[in-house]
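This report describes the fold of one chain, one annotated residue in it, and the relation between two copies.

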Protein chains: 4
Amino acid sequence: MAGNTTGKMFAVTTFGSSHGRALGAVVDGCPAGLELSKEDIQLELDKRRPGSSHLTTPRAEKDQLEILSGVFKGRTDGTPIAAVVYNKDADSSAYENLKNKPRPGHGDYCWISRYGHYDYRGGGRGSGRNTIGHVIGGSIAKKLLDKLSIKVVAHVTQVGNVKGRTVNLNLIEEYSEKNPIRCADPQAALKMEKAILDAKSKGDSLGGVVEIIAQGVPAGLGEPVFEKLDGDLSRALMNIGSVKGVEIGFGFKVAEYTASAINDEFYMEGDEVKTTTNTSGGILGGMSSGMPIIMRMAVKPTPSISMVQKTVNLDKKEETEIEIKGRHDPCICPRMVPVAESAVAMVLTDHLIRSGYIHPTRLKTI
Amino acid sequence: MAGNTTGKMFAVTTFGSSHGRALGAVVDGCPAGLELSKEDIQLELDKRRPGSSHLTTPRAEKDQLEILSGVFKGRTDGTPIAAVVYNKDADSSAYENLKNKPRPGHGDYCWISRYGHYDYRGGGRGSGRNTIGHVIGGSIAKKLLDKLSIKVVAHVTQVGNVKGRTVNLNLIEEYSEKNPIRCADPQAALKMEKAILDAKSKGDSLGGVVEIIAQGVPAGLGEPVFEKLDGDLSRALMNIGSVKGVEIGFGFKVAEYTASAINDEFYMEGDEVKTTTNTSGGILGGMSSGMPIIMRMAVKPTPSISMVQKTVNLDKKEETEIEIKGRHDPCICPRMVPVAESAVAMVLTDHLIRSGYIHPTRLKTI
Amino acid sequence: MAGNTTGKMFAVTTFGSSHGRALGAVVDGCPAGLELSKEDIQLELDKRRPGSSHLTTPRAEKDQLEILSGVFKGRTDGTPIAAVVYNKDADSSAYENLKNKPRPGHGDYCWISRYGHYDYRGGGRGSGRNTIGHVIGGSIAKKLLDKLSIKVVAHVTQVGNVKGRTVNLNLIEEYSEKNPIRCADPQAALKMEKAILDAKSKGDSLGGVVEIIAQGVPAGLGEPVFEKLDGDLSRALMNIGSVKGVEIGFGFKVAEYTASAINDEFYMEGDEVKTTTNTSGGILGGMSSGMPIIMRMAVKPTPSISMVQKTVNLDKKEETEIEIKGRHDPCICPRMVPVAESAVAMVLTDHLIRSGYIHPTRLKTI
Amino acid sequence: MAGNTTGKMFAVTTFGSSHGRALGAVVDGCPAGLELSKEDIQLELDKRRPGSSHLTTPRAEKDQLEILSGVFKGRTDGTPIAAVVYNKDADSSAYENLKNKPRPGHGDYCWISRYGHYDYRGGGRGSGRNTIGHVIGGSIAKKLLDKLSIKVVAHVTQVGNVKGRTVNLNLIEEYSEKNPIRCADPQAALKMEKAILDAKSKGDSLGGVVEIIAQGVPAGLGEPVFEKLDGDLSRALMNIGSVKGVEIGFGFKVAEYTASAINDEFYMEGDEVKTTTNTSGGILGGMSSGMPIIMRMAVKPTPSISMVQKTVNLDKKEETEIEIKGRHDPCICPRMVPVAESAVAMVLTDHLIRSGYIHPTRLKTI
């Protein structure tokens with residue numbers, strides 16, 4: 001547990017760097033009996049990989065997954081599930097001359113400060129490529145959530161100044177899958193595409209907002225006071241890299257309202273307790289209320305741009321300039337979608353096991 | 001570690017409910033040799049307690065602290081520091097008739113769903129009163145941060161629709177302490193006060209935004225990829241209760257910009273590495289960059305208002321109405337200031353010990 | 001989690017020193033709905049306290065317990081249960097002249113090496129008095145074990161050279177409660193008493209062996225490969241203080257046998273799977289097998305004796321002598337019985353929650 | 001952290017089963033800058049593998065290691081070090097007919113009870129083969145210990161009824177490496193060899209005792225009261241599999257002595273504090289005293305023997321018999337030596353980082 005593990009009962013440890021031998025994850029705590037194949041994980045990995053559309057970086061990694069342990073005769077056996085993806089298309093040449101010159105907006109300077117000796121090629125472990133581990137863990141988590149009919153869907157709601165209109169929760173997954181932006185508003189998707197290609201042509205990049213919705217989560221999930229559900233979800237999203245803000249429900253808008261305007265009142269729908277509004281985004285007192293959990297994360301524009309930028313030479317302690325060559329994403333929001341879903345799925349699964357909704361050692365029939 | 005402990009090497013476990021016998025905390029992992037008196041903690045507690053101004057709830061708790069262990073001859077001895085505050089002014093009468101009727105906007109429904117048997121009086125452990133534990137842990141953390149000249153200051157930047165102007169970082173503490181709102185912009189403070197009293201007269205409440213600044217944090221603090229500094233700080237703030245959003249630096253604004261506009265470029269200031277801008281809010285790659293860490297949290301309006309609200313009777317599974325009597329805050333933002341400082345201080349201290357900046361067992365001379 | 005917490009889902013954090021203000025524990029993770037009164041805990045505390053027989057130290061602490069949180073209307077509410085015992089009869093005079101002279105056999109030298117500033121009075125937190133915290137946690141754990149009909153009983157099987165005969169498992173509790181030694185063999189108990197008084201008259205002390213039996217533990221409890229049940233139980237017992245060895249089933253005797261002689265063969269008893277022998281002591285592959293779990297711990301003689309002993313003066317770095325005055329136990333084995341039961345009960349309870357046998361948030365009817 | 005991770009700051013997570021695709025480990029928390037090559041780990045792995053002498057099982061696994069991450073230009077970079085060994089020589093045929101018939105003395109019955117769906121081939125993850133992960137973690141730990149001149153050496157002191165004589169601590173490593181038994185007493189080694197071959201010819205197996213010595217450990221290591229050094233070391237050894245007892249220093253012998261006989265008195269050796277005797281085995285108050293740490297573990301005879309044994313058919317719930325074919329060790333004690341060293345090395349390294357002796361992020365020059 002030195003920073004590379006998430007979860008207490010469903011514990012996912014990831015490893016690997018952008019230009020190292022391989023990346024992967026070890027998932028410990030998945031109950032036995034779950035059907036799991038490498039295709040299940042490969043499917044999710046394919047959504048995140050580069051080169052999947054003209055809008056993303058052309059690095060052509062196939063990212064073929066191999067499961068090393070934890071699965072026996074097509075089902076998990078309760079032991080740690082290790083899975084790896086070997087790096088194939090790493091081009092390290094672009095990084096040699098950046099060795100001691102931290103790229104603005106990236107974590108280079110912090111990695112060097114913390115570790116001294118650091119794999120700077122392609123951002124090392126700080127590279128978005130490490131999210132391969134997130135998705136391995138997240139795809140297994142999603143299969144467990146399926147058993148409880150819990151669905152996690154993320155989509156892009158904003159790119160640069162283009163905002164998508166609000167779409168009915170139950171149409172988001174279907175609509176967002178129809179375009180490479182993964183935006184549920186088709187017209188906004190077109191404008192977003194245009195804005196991204198425009199930034200790409202200038203060697204620049206754009207930021208955006210990704211929204212994540214979890215439906216079907218039972219009420220009472222989360223552990224006050226320091227391991228609440230919203231706290232853990234926020235941490236998981238903020239940890240994704242390039243995320244600079246997280247909000248739930250009305251989020252930052254709550255600052256402008258009175259309680260009488262936004263308190264979600266309760267009512268009965270048959271035997272179920274629901275709220276007439278959901279400004280709290282499905283979380284009350286830090287725990288799930290049973291209403292859809294709705295969160296948004298702010299994604300900053302990819303720092304790697306081809307313009308000349310000012311930085312310092314850490315060896316000589318003097319100012320200098322750099323030009324980042326290589327292949328970079330003009331907007332990472334679409335690729336963040338499966339990663340955000342994975343981050344949320346892993347947290348929910350961990351909490352569901354900790355709170356007695358999923359049996360810790362063997363998957364009982366539901 | 002069943003939800004009530006924060007931190008791995010500087011571990012603070014809190015306990016206690018609004019109307020129980022006592023509240024407190026056990027702080028485990030504070031190195032030996034730190035001068036510590038109960039006055040140090042009492043000072044911080046006094047900032048958070050109710051009844052401290054005409055703007056807050058009139059519950060008149062003196063909140064007198066007692067240290068039970070971990071301090072010997074005025075210095076910590078490396079063993080767990082337990083401190084308690086006994087409840088004196090609890091008025092439970094207002095809650096009997098709310099027993100099975102979850103108050104809108106509060107966590108009642110979630111507590112009942114999770115635990116079944118639950119102390120509903122005054123919100124039980126879900127009450128903001130549990131932040132007494134935060135402040136005990138936070139005041140000890142602050143003393144350790146002092147040794148490294150690290151300063152954590154929080155202040156109110158927005159209440160309802162009133163926003164304070166940006167104030168120079170180094171004047172914030174001084175200015176915000178001059179008014180009960182704890183806003184560094186004196187004119188905005190006056191408008192905020194007016195808005196709060198206005199809401200109070202209507203039996204309503206207002207939300208707001210609290211900003212927290214940490215200065216002097218060395219670069220490289222934080223543990224990628226799942227225990228990054230921004231992730232842990234976000235979680236700590238989101239966990240405070242009534243918080244619905246957290247952002248760092250430019251926060252949600254990053255979605256609207258290009259990288260060329262907001263990448264923070266590096267330069268040398270003598271021997272020190274700095275950035276010309278700080279849109280990243282002092283965090284890059286999830287780790288501290290050495291620049292001031294600037295975060296903001298959105299605080300929702302206190303759900304307890306005196307207007308009639310719709311809810312359900314959980315026993316009878318039918319709809320009903322409630323009127324919350326008792327004494328409630330029209331705006332909790334001012335009281336959130338010491339709590340937010342504590343939350344951030346505890347996370348920073350934990351990371352500083354984990355990363356070798358503070359010795360884990362004995363405070364060496366600096 | 002800086003060393004003073006045991007357990008992951010049933011987490012007990014203890015605090016307090018021999019001569020400080022108070023000692024106690026915070027139990028986090030006990031599901032809601034368990035009937036709990038301070039008498040439940042007081043009962044167990046009374047078994048461990050000094051002055052309870054002519055064979056133990058005459059320090060006359062009443063050790064009156066107070067519950068501060070976590071219990072509402074006679075039942076746990078799922079929030080942390082904090083309980084304290086205030087010190088009354090601490091006589092610090094005997095320790096001033098021992099300040100920088102580590103007592104042989106005690107942890108003084110290690111405490112000083114680790115912390116520098118250290119409460120040396122009465123052994124500080126290293127004193128056996130800290131087991132008050134163990135017993136608070138253990139008594140609550142035992143109530144949960146009761147719900148599953150799991151019984152934990154410890155007894156003294158050896159003192160000095162006197163060994164008790166083997167007694168039928170189901171008679172141990174009854175027989176051992178009949179004498180102050182807590183030995184199930186009455187004749188051996190008499191000899192042990194004589195040996196202890198003899199050592200006491202010489203200002204010396206004796207060691208012994210305490211055996212702990214847990215019956216009714218379901219098969220399959222324990223988490224290979226690093227959190228096995230036998231591993232966690234061994235750690236818990238070895239951590240008690242004065243313990244120098246732990247063994248399970250045949251223990252060290254297994255070294256002398258062949259597998260054909262000691263493999264426990266399986267058979268059916270009705271619908272239940274059992275083993276004809278139980279040399280494995282109820283643990284196979286690190287997990288419970290369903291057979292009684294039988295462990296033994298070796299307790300060294302109390303190091304505090306009144307004879308003159310050689311030590312060093314740490315300030316002057318020169319050799320010196322000391323004479324330990326004050327009130328000391330000639331044999332702590334009888335008082336270790338409730339502590340060993342508590343240690344085992346806490347580990348079992350933690351594992352039972354982690355493995356789905358006890359619901360984590362609310363006690364369901366059995 | 002669902003049972004397959006050891007350590008808090010030097011966290012080793014292992015994965016893999018006897019007949020699965022691969023086994024390995026992820027080591028998180030090793031500071032950057034340590035020279036590390038796969039040969040370093042391969043060396044230790046070769047000591048544990050089967051087929052390395054006529055006394056062990058003839059399964060001919062080459063166990064070739066591959067490092068997947070965490071090492072850059074020959075030095076660790078602070079990120080997780082993942083290493084794998086692919087299985088080659090797995091013969092699953094011998095296990096099909098044992099599927100629902102738990103082998104006496106093995107963990108099969110417990111694995112089935114816990115997980116239901118379980119990889120029974122070759123003992124699955126319960127197989128001693130999982131210690132490949134221990135040794136990966138242990139060999140990296142040993143390199144860190146080297147930097148502090150801390151040495152961990154294990155050796156066999158007893159096999160069946162043959163006990164080796166006590167050998168001077170500083171000769172143990174040299175002498176024990178001269179024979180395949182790894183016993184420092186050459187004459188006893190010959191008798192042990194004879195006894196093992198004798199048992200082998202009968203299709204039976206023998207147990208024994210392995211002693212582990214750690215020298216150079218600074219005083220004050222260990223975290224009272226629940227994460228003491230002896231507690232964590234005991235757990236690590238007890239977790240190894242086939243271990244039924246652990247003791248430190250005089251171990252179980254302390255029960256027979258008086259304090260006046262065994263208290264270790266302090267004296268000065270130049271500037272160093274030492275004890276004239278070391279019955280405490282280098283641990284006082286649960287922490288290291290600076291004297292050599294001496295522990296022993298009792299290893300039961302390998303349960304897999306070729307004689308017919310009684311067991312049950314779990315499907316039919318009726319009694320039956322089995323004959324275990326395949327290739328099995330007549331005595332695992334020699335192969336336990338590198339595993340025990342690894343277990344101890346990992347615990348020491350974790351504690352050394354937690355207590356400030358090894359920097360957590362970057363290896364500073366010593």
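Helices (H or I, at least four residues) and strands (E, at least two) are DSSP runs, numbered from the N terminus. On that basis chain A of this predicted model has eight helices and 18 strands.

| Property of chain A | Value |
|---|---|
| Span of the C-alpha trace along the principal axes | about 65 × 50 × 40 Å |
| Residues that count as buried | 68% of 366 residues |

Among contacts in chain A with a separation of 6 or more, 72% join residues 24 or more positions apart.

A:R48 carries the annotation "binding site" in an unreviewed UniProt entry. A:R48 belongs to helix α1 of chain A, residues 38-48. Buried means under 20% relative accessible area; A:R48 has 2%, so A:R48 counts as buried. Leaving aside residues up to four places away in sequence, A:R48 touches A:D63, A:G128, A:R129, A:T131, A:I132, A:V135, A:R335 and A:P338. A polar atom of the A:R48 side chain lies 3.3 Å from the backbone oxygen of A:G128.

Chain D superposes on chain C by a rotation of 180° with 0.0 Å of shift along the axis, at an RMSD of 0.0 Å. The two copies are therefore related as by a two-fold rotation axis. Of the interface residues of chain D, 100% are also interface residues in chain C, so the copies meet through the same surface.

How values were computed:
Residues numbered from 1 in each chain as written. Chains lettered and ligands numbered in written order. Predicted model: local features only at pLDDT ≥ 70, side-chain atom pairs only at ≥ 80, totals over all residues. Heavy atoms only, no water. UniProt positions renumbered as here; feature names shortened; annotations may be inferred. Buried < 20%, exposed > 50% of the residue type's maximum accessible area, 1.4 Å probe, protein only. Contact = heavy atoms within 4.5 Å. Polar contact = N/O pair within 3.5 Å; in protein donor to acceptor, adjacent residues only side chain to side chain. Least-squares fit on C-alpha atoms with pLDDT ≥ 70 in both.
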